[in-house]
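Hi everyone, thanks for making time.

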Amino acid sequence: MLSLFLIAGATVLASYFYTRLRYLRFTQHAHIPQLPPNFLLGHLKTFREFTQRGIPDRHPDKIFEEMWVSMGRPPLMLVDLRPVSAPMVLVPSHDIAEQISKPTQMYPYSTTKSPTWTHMIPIIGESSILGKEGSDWKSLRRKYNQGFSSQHLFQLLPLILKKMAPFCDYLDKFSATGEEFSLEKLISNLTFDVIGAAVMEIDLHAQNTDRSKRSDLTRLFSDLVQTYSDDNNNFPWWIVPLTTLKRHRLAKNIDKLIKKEIQRKYVEVKEEAEGNRSWSILALSFQDTPSLTPQLLSETSDQVRTFLFAGHDTNTSMLQWAVYELSRTPRALKAVRSELDNVLGPDTDPATICSILAEGGQHLLPRMTYINAVIKETLRLHPPASTARMTEPGSGFTVKASTGEEYLMDGLVMYPCASIIQRDPRVFGDTADDWMPERWLGEAANKIPASAWRPFERGPRNCIGLELANLESRVIIAIIARKYDFTKTGLGEPVIDSNGLSILNSKGQYKVRSELYNTRKMTSKPVDGTTMKVKLATRA
C-alpha cells in the first residue's frame, strides 16, 4: 500500500514539474520573439550550437547577434538561459533602449538594475553605486558628481600627467629593441595608476614591471580581476565554488587596505590647511562629513573599489582599439597628428607635451575635436560594456517597438546590446561596420540620434566616469600619437607587399591577414591583449 502511495505521489510530482517546466519554456514569455526553446535547456543548447559555428572565444554579444540575425532581426529577442541565469531580452535598437534608460513616472531614476551585477560584488562591493537604487543611488550620485565633473577633473590633470612618464619609457624601450609586447598590459597598468591618483591621490606603482615593487593593493586587485578573465566569470557560485571562495578571500584583503587608506585620507583632509587642499575625488567626497562612521567607511570603500575597477578596465579596452584603428588608418593618423601640431605646437616630446597640458590643458584639450571623434567612433564600434536592467513582476513595464507592438517586460533581464545598437545600418548607413571618425564631425554628426551612441549608457544612470575617461583618453592619445608608430602583430597584422609596404584597401585602411576581435574578460577586450611592435615615428 505504501509503495502505491509513493508511486502516486511521484507521478503527481512529476506531472507538476513537467507542466511547470513546459509553461516556463513555451508559454510564460511566448509573446516575445525567440528561437525554438529546448524543453530541458531552453536556449542553452541553441547558444552552444551557435557558439560552435564560429570562433569559440568570440564575445557572447556576437553570438547573440548571430541568433538575432537568424530570426530576421526582430525588434526584441528572448534568450532563456535558465537555470544558469534569468531569462534575458536582447534589445537591438536605440529607440527601445531609450525607453528602458529614460526616467519615467514609474522609474524616476531609470529602470532598476538587473541582479546580474551581483557576480561583481567581490570587486565592487555590496553597496556599490552600480547596484544602488532609488534615493540611496541618488544620494551617492550627488555625493560623487562634483569629483567627476569636468571642471574638477582639470584640477587633477597634473596628477594624471605625472603617470605618463613610465608608460612612455616602456614604449621607448620597445621601440629600441623591436620586441613584441602586449599593449593591454601597458595601458591597463597606466590607467590603474591614473585612477588611483584621481580617486585617492596615491601612487599604486602599477606600472612597475617587477611585481614585488607594485603596491599590495595593485597586486591583490590584479589577482582578483584575473579570476574573472574567462567566459565563466558570471556563473553562479555553485558552478564555480573554488573560484568564488578565492574571490571573496582576495576581496576581504582589498577591502582592508582601502579602508585603511580612507581613514588616513579622512584625517589628512580634516587637518589640512586651506591652501594645501587635496583635490582627489575621495577627499572631495568628505565635504560635510562630520565623522567617518563604520557604515560610511564600508560604503566609501565600496565606491572606491568600484571607481578603481570601472575607471581603468573599460578605458583600457577603448585605448587598445583606438591605437590599433589609428595604426591601420593612415588618413586618420595624419588628421590626428595635424590637429596636435595645430593645438600643441610641433614638439612631440612627451615631457614637453605634459608641461604644456599641465599649464593649459583646460583650454587645449577641448580643441582636439578630431581626437574626440576618434574616441567616439572607437567606442561606437568597440563598446567595452552594456547595461542590464530588470523590473519587478507585476510592475506592468512595457516597451513599444517601431512597428507598434508593445511587449511586457516584467521579471525579464533587459539587455540593450551596445555592440548591435551602435552598428545599426538604419542609423549609420552602409558604413555601419567601418571605423570612420569623420562621421562625428560637422553636419554628419547632427544626423545621428543621440540615443544611438550609448557606450556610457544614457539617462540618469549614465556612467559617472564619462568625463574622466574622455579626459584620460585625449591626454594619452595626444602624448603618444606623434612620437610613435604602432604595428599590430598576430591577429590584425597588416598584409605587406613585395616592397615591404602595407596595402590600402578600398576603405582607406591597411589590409590585414586576419581580423582582431573581442572576447569577454569581465568586459569586452581584444582577444590577444593587442600584441604590438612600436618604433619612433618618421613623418614626411
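When I say helix or strand, I mean DSSP runs numbered from the N terminus: helices are H or I with at least four residues, strands are E with at least two.

Before going on, some ground rules. This is a predicted model, where local features need pLDDT of at least 70, side-chain atom pairs count only at pLDDT 80 or more, and totals for chains, interfaces and linings use all residues. Residues are numbered from 1 along each chain as its sequence is written, and side-chain values use heavy atoms, with hydrogens and water left out.

Next, helix H8, residues 164–177. Its 14 residues reach 20 Å from first C-alpha to last, close to the 20 Å expected at 1.5 Å a residue (the expected span is 1.5 Å times one less than the number of residues). Which residues of H8 are buried? They are Met 164, Phe 167, Cys 168, Tyr 170, Leu 171, Phe 174 and Ser 175. These cover an arc of only 155° around the axis, so they are on the same side of H8; the arc is that of the directions from the helix axis to the C-beta atoms. Over on the other side, Asp 169 and Ala 176 are exposed. By the way, buried means under 20% relative accessible area, exposed over 50%, and partly exposed in between, with a 1.4 Å probe and protein chains only. After H8 comes Gly 178, with a positive phi near 75°.

Now helix H14, residues 330–344. With 15 residues at 1.5 Å each, H14 should span 21 Å, and its end C-alpha atoms agree, being 21 Å apart. Buried in H14 are Ala 332, Leu 333, Val 336, Arg 337, Glu 339, Leu 340, Val 343 and Leu 344. The arc they cover is only 160°, which puts them on the same side of H14. Lys 334 and Asn 342 are exposed on the other side. What covers the buried residues includes helices H13, H15, H16 and H20 and strand E8. Gly 345 follows H14, and its phi is positive too, near 95°.

On to Pro 92, in the loop between strand E2 (88–91) and helix H4 (94–101). Pro 92 counts as buried because its relative accessibility is 4%. Along the sequence, Pro 92 and Ile 421 are 329 residues apart, yet their C-alpha atoms are 5.3 Å apart in space. Leaving aside neighbours within four places in sequence, Pro 92 has contacts (heavy atoms within 4.5 Å) that include Trp 68, Leu 76 and Ile 420.

Last topic: salt bridges. I count one when a side-chain nitrogen of Lys or Arg is within 4 Å of a carboxyl oxygen of Asp or Glu. How many does a search of the whole structure find? It finds 31 salt bridges. One of them joins Lys 521 and Glu 184, at 3.4 Å from N to O. Lys 521 lies in strand E9 and Glu 184 in helix H9, so the pair ties together parts that are 337 residues apart in sequence. Glu 184 is buried, at 15% relative accessible area.

Then there's Arg 454 with Glu 457, whose closest N and O atoms are 3.0 Å apart. Both Arg 454 and Glu 457 are buried. Salt bridges that share partners join Glu 98, Arg 454, Glu 457 and Arg 458 into one network.
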